[in-house]
Amino acid sequence: MKISFGKIEICAEKELAKNFSVSLKKRLQSDDIIDAQSPILCDKGNARYTISFGIERAHKSPDLAEIFAFEFLKNISEEAQADLKISWAKNLKKQNLIFKNAVLVRSSSSLDESISMHNFEFLAGKGE
């Protein structure tokens, strides 16, 4: 799986995203129709996706893990709004899912000696 946010590669092709989750929330609208027994629910296309996952990376030393964790968080937090692109292989064929104008809403990093762990949560509109 490969995940990128704008120009920043979050998850390289040979890395695995942990606890990967995509959820969809739709806001429905009810319309009152004359002579109808009850309001009619309409899907107005107001969909919001939440995409969350974690990445673990091994580094050559605890110092390098610390430097990477802080620089990585700084770089990704500077990207205000961008496309979140997720690529994976299915039956040896590359598949892509792109969430246009995604926004990073939560990000955290932690260290365990020379391993850095990063968790992300994005909000986005319709995926392609």
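1. A word on terms before anything else: "contact", or touching, here means heavy atoms within 4.5 Å. Keep in mind too that this is a predicted model. Leaving out residues up to four places away in sequence, Ile 51 touches Phe 20, Ser 21, Val 22, Leu 84, Ile 86, Phe 99, Phe 120, Glu 121, Phe 122 and Ala 124.

2. Now the overall layout. The protein chain has one helix and seven strands, and from the N terminus the order reads β-β-β-β-α-β-β-β. Buried residues account for 25% of the 128 residues. If you take contacts between residues at least 6 apart in sequence, 60% of them join residues at least 24 apart.

3. Back to Ile 51, this time as part of the core. The largest nonpolar core has 21 residues, and Ile 51 is in the group that touches the most other members, together with Phe 5, Ile 10, Phe 53, Phe 120 and Phe 122. Who contributes to this core? β1, β2, β4, α1, β5, β6 and β7 each put in at least two residues, and β4 gives the largest share, with four.

4. The aromatic side of things deserves a look. The count comes to eight aromatic pairs. Take Phe 53 and Phe 120: their ring centres are 5.5 Å apart and the planes meet at 40 degrees, so this pair is tilted. Phe 53 belongs to strand β4 and Phe 120 to strand β7, so the pair ties together parts that are 67 residues apart in sequence. Both Phe 53 and Phe 120 are buried.

5. For a stacked pair, go to Phe 68 and Phe 72, with 5.2 Å from centre to centre and 15 degrees between the planes. Both sit in helix α1 (residues 62-78), four residues apart, which is about one turn of the helix.

6. Arg 57 is the residue I would click on next. Its place is in strand β4 (residues 40-58). Is this arginine buried or exposed? Arg 57 counts as buried, since its relative accessibility is 14% and the cut-off for buried is under 20%. What does its side chain meet? There is a polar contact of 2.7 Å between the side chains of Arg 57 and Glu 15. The charged end of Arg 57 also sits over the ring of Phe 72, 5.4 Å from the ring centre. Setting aside neighbours within four places in sequence, the contacts of Arg 57 include Glu 9, Ile 10, Cys 11, Ala 12, Phe 68, Ser 114, Ile 115 and Ser 116.

7. Strand β1 (residues 2-5) pairs with strand β5 (residues 82-90) in the antiparallel sense, over four bridges. Within that pairing, Ile 3 has Ile 86 of β5 as its bridge partner. β1 also runs antiparallel to strand β2 (residues 8-11), joined by three bridges, and here Ser 4 stands opposite Glu 9. The hairpin of β1 and β2 has two residues between the strands, and Gly 6 takes a positive phi near 65 degrees there.

8. Finally, two backbone spots to check by eye. Most residues other than glycine have a negative phi. Asn 19 has a positive one, near 50 degrees, and lies in strand β3 (residues 18-31). At 70% relative accessibility, Asn 19 counts as exposed. Glu 113 also has a positive phi, near 55 degrees. Where is Glu 113? You will find Glu 113 in the loop between β6 (93-112) and β7 (115-124). Glu 113 is exposed too, with a relative accessible area of 63%.

Methods. Residues are numbered from 1 along each chain as its sequence is written. This is a predicted model: local features need pLDDT of at least 70, side-chain atom pairs count only at pLDDT 80 or more; totals for chains, interfaces and linings use all residues. Side-chain values use heavy atoms; hydrogens and water are left out. Buried means under 20% relative accessible area, exposed over 50%, partly exposed in between (1.4 Å probe, protein chains only). Two strands pair if DSSP finds at least two bridges between them. A polar contact is a pair of N or O atoms within 3.5 Å; within protein, one must be able to donate a hydrogen and the other to accept it, and residues adjacent in sequence count only if both atoms are side-chain atoms. Rings of Phe, Tyr and Trp (its six-membered ring) pair if their centres lie within 6.5 Å; planes under 30 degrees apart count as stacked, over 60 as edge-to-face and the rest as tilted. A charge sits over a ring if NZ of Lys or CZ of Arg is within 6 Å of the ring centre and within 35 degrees of the ring normal. A nonpolar core is a set of buried Ala, Val, Leu, Ile, Met, Phe, Trp, Tyr and Cys residues joined through side-chain atoms within 4.5 Å.
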